[in-house]
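Let's take a walk through this model, one piece at a time. Have the viewer open and follow along.

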Amino acid sequence: MGDLSDGLYKIKSLKHDKYAENWPDNDPGIGIGNYFPNSKRNIWKITRTRSSNNTYTIESADDGSKMTFIDRRERPALRAKGSDANTTWKIVNDGAYVKFYPDGDRFRSLAVDMFEYSGYSYLCLLRNDNNSRGQCWDFHRVDESGRPFPASPPASNLPNTTNTSSASFQSQFFPLSAEKAKESSYDIIVVGTGIGGGVLAGDLFDTNIKLGESGKSVLVIERGDLVFHSHCLNTARPVGLGKDRGQQNDSFFASFKKDYVFTDQESRDLWKGGPMYCLGGRSAAWGLFLPRVHDDTLKDFFPESVARELLNEYYEKAEILMNLSLPETRALHQHLMERLNMGSDAGVGSRLNIPNPDLKVQWQWGRIASEFSQSQNFDFAEGAYSTIDKLLEIAMSPKRPNFDMLLGAEARSLTWTGPNSRSVKGVMVRTATGDHEIKVTPGSGRVVLCAGSVASPTILMRSGVDLKAMGGCHLTDHDIIFRAKSFRYTNPAVRREIGSMKLQTYVDLGKGNVVLANMSIDASSFLPRGRTRDNTLPKFIMVFIMRAPLRAKNLITLGVDGEPQVTIRRSPARQAPNQEENDRKKLNALTESTMETIQRVLQIEFVDQDGETNDFKSLELGGVAHELGTVPMPMGEKSSDPYCVDSDLKLQGREGVYVCDLSVFPYSPEANPTLTLAALSLRLSRHLLPRLNVKVTASDTDTVHVVNHSGQKFRVWVSNRARVSTQDAGEKGVELEPGKQVQWKRKNGVHEAALVYRCDQTENWLYVKVPELFVAQPGKVLAVM
């Protein structure tokens with residue numbers, strides 16, 4: 001942003017993603033919020049002074065009062081005061097963000113920031129801090145109605161619209177507007193593009209390709225814009241980052257996340273997380289660790305049908321989708337894992353004076369959602385997984401049957417119709433041009449909320465759904481404890497030979513308490529590595545992820561402005577104090593035993609550095625985006641506890657509404673939840689839009705069914721080995737469009753050959769001369785991919 005032109009502006013906080021508003025009845029009188037979205041209280045007239053290019057007066061477009069401040073010693077507060085106020089303001093572009101402060105030498109060390117008072121955020125002056133997002137602002141030029149001020153004529157008014165040299169990637173491939181979208185109705189609307197919504201949307205698209213004309217119309221709504229084109233670890237990083245082998249995705253997350261509004265200071269102190277509003281959501285920064293939830297946790301705390309289908313089918317599908325990769329195992333890697341697995345029990349037991357100290361471990365490679373290398377020449381590895389890649393591929397596809405994406409649109413609430421207004425009618429979205437209702441297909445349309453563990457319940461509560469009465473709104477994050485220690489190799493050549501290692505194991509502490517251990521040896525970690533005296537030294541990091549029930553005292557409520565407010569605490573102890581202490585001793589002993597084994601096998605020595613202790617530290621809540629449980633499914637099929645969505649993720653008491661994000665978890669497991677959410681998304685996708693749309697009955701044992709799921713038409717012929725007499729018109733072969741099926745009468749128990757002649761993909765659409773051969777069984781469906 002250069003110097004501002006004179007005009008009307010909205011001043012948005014990059015920290016809260018809300019606007020500065022004139023509150024003349026409050027003291028102090030300028031706050032942050034969306035309390036008056038349709039008034040001029042959030043519009044400011046900015047006028048350049050004659051004294052300097054970047055010095056301005058700022059006055060409210062609502063009542064003409066000028067922005068000034070109350071010169072309180074500890075924290076000068078901003079307010080709008082009569083038209084005679086003479087404060088002028090410096091508005092400066094400080095690189096990636098804009099700051100502003102009063103003109104004058106005495107104010108050069110200050111900047112406009114925010115403070116909390118009685119549950120509201122007010123503007124004030126604080127000491128300039130380049131690391132504070134509270135001092136980062138965005139000035140949006142608007143017209144008198146608050147709509148974006150046009151920087152140039154619309155493309156339709158330009159004399160030549162074929163020249164796209166100045167078009168952005170987003171405008172080129174995501175041209176849909178809310179005004180255009182509301183002219184149609186959709187069979188399925190997906191809200192959100194993180195792991196839940198992005199995986200769901202991508203799978204629905206693939207199913208539509210297979211089903212052809214039998215597919216469903218899908219609209220994907222994303223609140224944010226196109227910020228990343230892939231996972232942040234696949235992109236450029238600032239100079240210096242990454243050279244200590246830290247992932248640094250926490251740095252990206254901290255830069256792009258938004259903050260929640262909390263009800264009290266304790267919640268603010270405990271919390272580090274927040275949402276990311278962009279295509280791909282938080283999958284742009286997180287989601288690479290793919291452990292499965294332990295079988296015992298699934299069977300004890302999830303519906304039986306969910307646990308069974310995840311274990312038997314959808315975990316594997318999700319792992320394939322997300323490019324689950326395991327590193328190359330060399331002899332020294334294998335030797336270390338063998339010594340850790342065969343020597344841990346004795347190491348732990350010898351340290352503890354408690355009953356049954358032994359811990360069974362099975363260290364193995366950490367499960368990572370990243371294709372590190374590709375064995376085939378010139379087939380480039382895909383890198384770290386994010387939903388962004390698939391959604392961009394769809395956006396750039398020349399053919400997108402029944403599939404649209406709308407960016408920059410915040411889903412605010414759902415609208416209802418039918419008896420007692422219980423069936424979903426559409427989604428109310430808010431864009432820069434106002435509020436718009438986008439409707440689903442009457443009678444059969446569905447909405448899937450995948451907006452996150454805070455936004456999804458907020459949308460439902462704004463829509464009149466009493467989630468609290470259904471056991472919802474209890475935002476919960478499990479505890480994560482860790483220890484870090486620097487070390488050096490006595491033989492530097494060993495470091496080059498072994499490289500980096502990430503290992504994982506489940507640890508059963510007894511009495512149903514399972515934790516997941518993650519070990520990082522000279523490797524990137526999902527935890528910040530911290531700053532030590534010598535950051536070039538390799539590090540050992542041991543992390544334990546605990547499991548926890550949903551905490552009833554944690555709540556999401558709606559403020560008077562309709563925005564969510566969060567109260568959160570750590571999970572209380574699940575066991576007697578002495579048992580908690582014994583568990584902590586076991587984990588500490590396991591860590592010490594592991595460090596001794598690594599020291600002996602890898603010939604290293606640990607180094608004492610400032611900031612590194614032998615005590616476990618707790619990660620801040622929300623720090624790695626695992627918060628969940630606000631719209632939970634049942635705690636098992638026979639549970640009497642209230643729940644919000646059933647085992648198919650359908651909202652209780654309403655028709656056509658589903659939820660598919662971390663909010664549906666009924667329990668906070670001991671594992672990173674990414675893989676489980678992706679598996680749930682695939683499961684829901686196949687429920688909403690089944691791929692095998694051919695139903696075989698008991699009377700069909702003498703019938704061969706062939707369905708085209710390839711996405712392209714082909715010709716198919718089925719042999720008749722038993723010489724069954726038929727009158728089928730397709731005995732010489734049938735041309736089959738995508739999604740269509742054909743059947744032949746054949747003898748039960750006799751396998752037949754199905755010959756599929758695919759198109760040659762030329763403009764003449766000729767069929768190839770050599771067919772592909774499949775086995776067709778009477779009474780079964782042959783789906784040709």
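Strands β22 and β23 (residues 423–431) pair in the antiparallel sense over seven bridges; strands here are DSSP E runs of at least two residues, helices are H or I runs of at least four, and both are numbered from the N terminus. Two strands count as paired if DSSP finds at least two bridges between them. Look across from tryptophan 416 and you'll find its bridge partner in β23, valine 424.

Before going on, some housekeeping: this is a predicted model, where local features need pLDDT of at least 70 and side-chain atom pairs count only at pLDDT 80 or more, while totals for chains, interfaces and linings use all residues. Residues are numbered from 1 along each chain as its sequence is written, and side-chain values use heavy atoms, with hydrogens and water left out.

Now zoom out to the sheet. Four strands make an open sheet with mixed pairing, in the order β13-β24-β23-β22. Its edges are β13 (185–186) and β22 (410–417), each pairing on one side only.

Next, head to the start of the chain numbering. Strand β1 (residues 7–13) runs antiparallel to β2, with two bridges joining them, and serine 13 stands opposite lysine 18 in β2. The hairpin of β1 and β2 has four residues between the strands, and aspartate 17 takes a positive phi near 60° there. On to β3 (residues 30–33): four bridges join this strand to β2, again antiparallel, and in β3 glycine 33 is the bridge partner of tyrosine 19. Because five of the five residues of β2 (residues 18–22) are buried, that strand is largely enclosed by the rest of the structure. Buried means under 20% relative accessible area, exposed over 50%, and partly exposed in between, using a 1.4 Å probe and protein chains only.

Why does lysine 485 count as buried? Because its relative accessibility is 9%. A polar contact of 2.6 Å joins its side chain to that of aspartate 608 (a pair of N or O atoms within 3.5 Å; within protein, one must be able to donate a hydrogen and the other to accept it, and sequence-adjacent residues count only if both atoms are side-chain atoms). Leaving aside neighbours within four places in sequence, the residues in contact with lysine 485 (heavy atoms within 4.5 Å) include Pro538, Phe540, Met595, Phe606 and Glu612.
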